[in-house]
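Visitor: Could you take me through one part of this model closely, beginning with a single residue and its surroundings and then turning to a sheet?

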Amino acid sequence: MKALYYEKFQGPVEVCDVPQPKARAGSVVVKVEATGLCRSDWHGWMGHDPDIKLPHVPGHELAGVVVETGKGVKNWKPGDRVTVPFVGGCGYCPECISGNHQVCDHQFQPGFTAWGSFAEFVEIQYADINLVRLPDEMSFETAASLGCRFITSFRAVVDQGKVKAGQWVAVHGCGGVGLSAIMIAASGGASVVAVDIDNEKLKLAQKAGAGVLLNARKINDIPDAVHEATSRGAHVSIDALGSQETCFNSVACLRKRGKHIQVGLMTGDHQHPKVPMDKVVAHELEIIGSHGMQAFRYIEMFEMIHSGKLKPELLIGKTISLDDAPQALMDMDKFENLGVTVVNRF
């Protein structure tokens with residue numbers, strides 16, 4: 001089968017022929033119809049993820065059709081249209097038993113712990129626990145765009161942030177994660193402040209539901225600007241990028257007893273950011289991580305999409321072919337893409 005493949009971190013990335021996966025006990029093989037291009041894939045190629053073993057096929061935001069099932073798989077059959085969270089649970093560790101598959105002790109991550117979806121076919125382990133059945137009316141492209149960005153943002157806003165109508169939400173970084181968080185927060189009746197350094201991305205943020213737009217290239221003190229725009233600061237602030245600056249600003253822009261949600265990955269030199277801990281203590285702030293979303297939580301999100309309350313398809317910037325993906329992957333640190341890029345031609 002054709003797949004995007006690399007043998008060295010930060011080395012050449014190319015499309016070539018590799019062995020097609022076969023279903024093993026508890027797993028299925030999915031024919032990939034669409035897969036999202038995410039900055040997490042770039043982090044993996046850079047060598048920032050210790051779970052990746054070389055050589056490697058990246059890709060974790062996928063949608064497709066089951067073509068083969070392994071021994072013991074009960075809930076799926078060939079022909080089923082499916083997607084999958086980017087973090088899969090094993091189903092038997094203490095975290096999975098408690099319902100928190102997104103922090104499983106033995107988590108399966110296509111594109112990280114195993115070969116991923118920048119390929120014609122991909123194997124999904126622990127299939128009965130992790131696969132999600134797609135609504136008939138949802139396109140594969142839309143399903144792939146949910147990937148890790150939309151679902152992670154859904155959990156960050158709804159489950160972790162517990163955002164309510166009438167609250168102020170600040171979102172730092174208007175890439176796929178940030179735009180998703182803006183749309184989800186606004187759909188729930190929150191007022192949203194969007195922060196980015198690119199006016200075009202801020203325009204997309206406005207279309208997604210942001211009412212206040214702040215260009216961090218033109219504003220020296222973002223926390224002060226957020227406080228001014230919201231009167232007392234944000235109730236919930238989300239670092240959707242993952243940098244020392246955006247993390248600090250997100251915490252610093254909160255009102256008393258506010259919540260900072262860290263969604264953007266903190267890697268390399270950004271792993272240990274400065275945090276205004278004086279404000280965390282004095283203002284009783286909460287600092288919360290958000291890492292994926294369980295498969296069973298997709299139901300509520302699908303209902304909101306079906307009702308028209310959420311429109312993730314509007315966040316798709318462009319579609320490309322698998323042959324276009326190597327260069328697109330290597331260029332992700334340039335932050336040139338507007339919206340979500342989806343591979344849908346193999």
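Guide: Leaving aside residues up to four places away in sequence, S321 touches V343 and R345, contact being heavy atoms within 4.5 Å. S321 belongs to strand β14, which covers residues 316–321; strands (E, at least two residues) and helices (H or I, at least four) are DSSP runs numbered from the N terminus. Because its relative accessibility is 14%, S321 counts as buried (under 20%; exposed is over 50%, partly exposed in between, with a 1.4 Å probe and protein chains only). This is a predicted model, in which local features need pLDDT of at least 70 and side-chain atom pairs pLDDT 80 or more, while totals for chains, interfaces and linings use all residues. Residues are numbered from 1 along each chain as its sequence is written, and side-chain values use heavy atoms, without hydrogens or water.

Turning to the sheet, six strands with parallel pairing form an open arrangement in the order β10-β9-β8-β11-β12-β13, where pairing requires at least two DSSP bridges between two strands. At its edges stand β10 (212–215) and β13 (286–289), each of which pairs on one side only. Within this sheet, neighbouring strands are turned against each other by 20 degrees on average, direction ignored, using axes fitted to C-alpha atoms (for helices over the stretch in contact) and angles from 0 to 180 degrees between N-to-C directions. Strand β8 (residues 168–172) pairs in the parallel sense with strand β11 (residues 234–239) over four bridges, and V171 stands opposite I238 in β11. Packed on the sheet is helix α8 (residues 244–252), which touches β8, β11 and β12 (254–262) and whose direction makes about 150 degrees with that of β12.
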